[in-house]
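Okay, thanks everyone, let me share my screen. I'd like to walk through some side-chain packing today.

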Amino acid sequence: MRNWCGLVDFSSTDRVEPASLAEVQQAVARSPRIRAIGTAHCFNDLADTTGTHLSVARLPVDLEIDDVRSEARFSAGIRFGELARLLDAQGWSVHNLASLGHISVAGAVATGTHGSGDRNQNLSAAVRWMQLVTAGGDVLEIDRDDPRLAAMVVSLGSLGIVTRIGLAIEPAYQVRQYVFDGISHTAVLESFDEIFGSAYSVSFFTTWGSDLTGQVWMKRREGQDAAWTLDTWMGGRLCQVKQHPLPGHDPVHCTEQLGIAGPSHDRLPHFKLDFTPSSGDERQTEYLVPREQAVAALASLQGIAPRIAPLLHVSEIRTMASDDLWLSGAYGRDTVGIHFTWVKDPAALTLLPELDDLFEPFGGRAHWGKLHATPAAAYGRRYPRLVDFMAMRSEMDERGKFGNSHLAWMESSAG
Ligand SMILES: Cc1cc2nc3c(=O)[nH]c(=O)nc-3n(C[C@H](O)[C@H](O)[C@H](O)COP(=O)(O)OP(=O)(O)OC[C@H]3O[C@@H](n4cnc5c(N)ncnc54)[C@H](O)[C@@H]3O)c2cc1C
């Protein structure tokens, strides 16, 4: 079995897909080594194990909505986009979504997956409750009143098998998506706050091509963002036909644009859920930098743009609000995600050490689910609660049942 992009050949000996909580407990209790797998969209070997891969995708979804607490509980293996549709059918919505809805909720929250928006925290930060099966096969249920939840949400799959999740929800809302072309890097650097503060969720896409211009994708929330009237903005033009983030690609599978209002689950992701992005013909890297360092980090990247551009499909810049989750990329700081979608060329991976060096002085944290060359010794510096997390992990999983070589290597010099 391989991960979504085919880069990682998993070392697991078998795969189980229990249909009940009791079966998950039995599988965990009898396995000396076991690890949860979601939709395998991680670009690196974080999800790998030399033992059993366990997927919770067959557990009954069993969606429960608590109107009073504005919380939805459901089986953790559901894909985010499917959950959002089920919620919408009952008049509810999540606060944000990633670029595509094909990833499992459990896998997304375990790695600090995010969308965009100055006031939007990442998807993990919406977790209010979790049910997980711990190393001995016992069931642990934990909510926001328990301070351990902040440690356990971005778990990297290493504390147990998450079987059910409770997420904060809000009444369903509509979003209008607009795309602007020809916005210069200079405008982004000079007017960063104005651009990213212009709507509920904003992304800047660039190929780092020689003209150093890109597209702003603006997702305006009905009832929160004012109606949009301008055809030109920040030196760019409002696109009158639908766009794809990758120049020259057919936008047919992109979510609706041109300011047409639609349900949030059909506008916040860039790609439609019904389209299966199966090629995997790409590699991704992302660094999460403190917001106040973002402009300087982007200016530094411009210095190596001529070397990035030939290896790149596209870069995306997004913002997110600070949170308190120990291993979150946005832990303790408003954050900007600087993302690279590379072409499938091994040469792209040779840039990773240089990128890690570039982001180090800006306090960049590599996205847990993407490719990077962070040295083990750097993790402790970048994640102030990593040592505490490791102590919790040792306590909850004394024999390292949920561990793997990725975690062992990372932890080897972090402490
Ligand atoms: C095309 C594409 C677009 C992407 N877009 C974004 C984006 O917009 N924003 C962003 O931040 N990231 C993005 N990502 C990265 C992606 O969100 C993460 O890699 C995420 O972890 C994938 O979820 P998954 O279900 O595939 O997890 P997997 O790759 O299957 O697993 C990831 C981790 O989660 C753990 N895990 C999975 N299920 C469970 C469970 N039930 N219990 C405990 N642990 C579990 C695994 O053990 C592993 O450590 C994108 C990736 C791709 C391929």
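So, contact here means heavy atoms within 4.5 Å. With that, and not counting residues up to four places away in sequence, Glu-170 touches Gly-91, Trp-92, Ser-93, His-95 and Arg-221. Before I go on: this is a predicted model, so local features need pLDDT of at least 70, side-chain atom pairs count only at pLDDT 80 or more, and totals for chains, interfaces and linings use all residues. Numbering runs from 1 along each chain as its sequence is written, and side-chain values use heavy atoms, with hydrogens and water left out.

Back to Glu-170: its side chain makes a polar contact with the side chain of Arg-221, at 2.8 Å. A polar contact is a pair of N or O atoms within 3.5 Å; within protein, one must be able to donate a hydrogen and the other to accept it, and residues adjacent in sequence count only if both atoms are side-chain atoms.

What does the charged end of Arg-221 sit over? That's the ring of Tyr-173, 3.6 Å from its centre. Arg-385 does this with the ring of Trp-326, at 4.0 Å from the centre. The criterion is NZ of Lys or CZ of Arg within 6 Å of the ring centre and within 35 degrees of the ring normal.

Now, aromatics. Rings of Phe, Tyr and Trp (its six-membered ring) pair if their centres lie within 6.5 Å; planes under 30 degrees apart are stacked, over 60 edge-to-face, the rest tilted. The whole structure has 13 such pairs. One is Phe-180 with Trp-228, edge-to-face, 5.5 Å centre to centre and 75° between the planes. And Tyr-287, Phe-340, Trp-342 and Phe-359 form one aromatic cluster.
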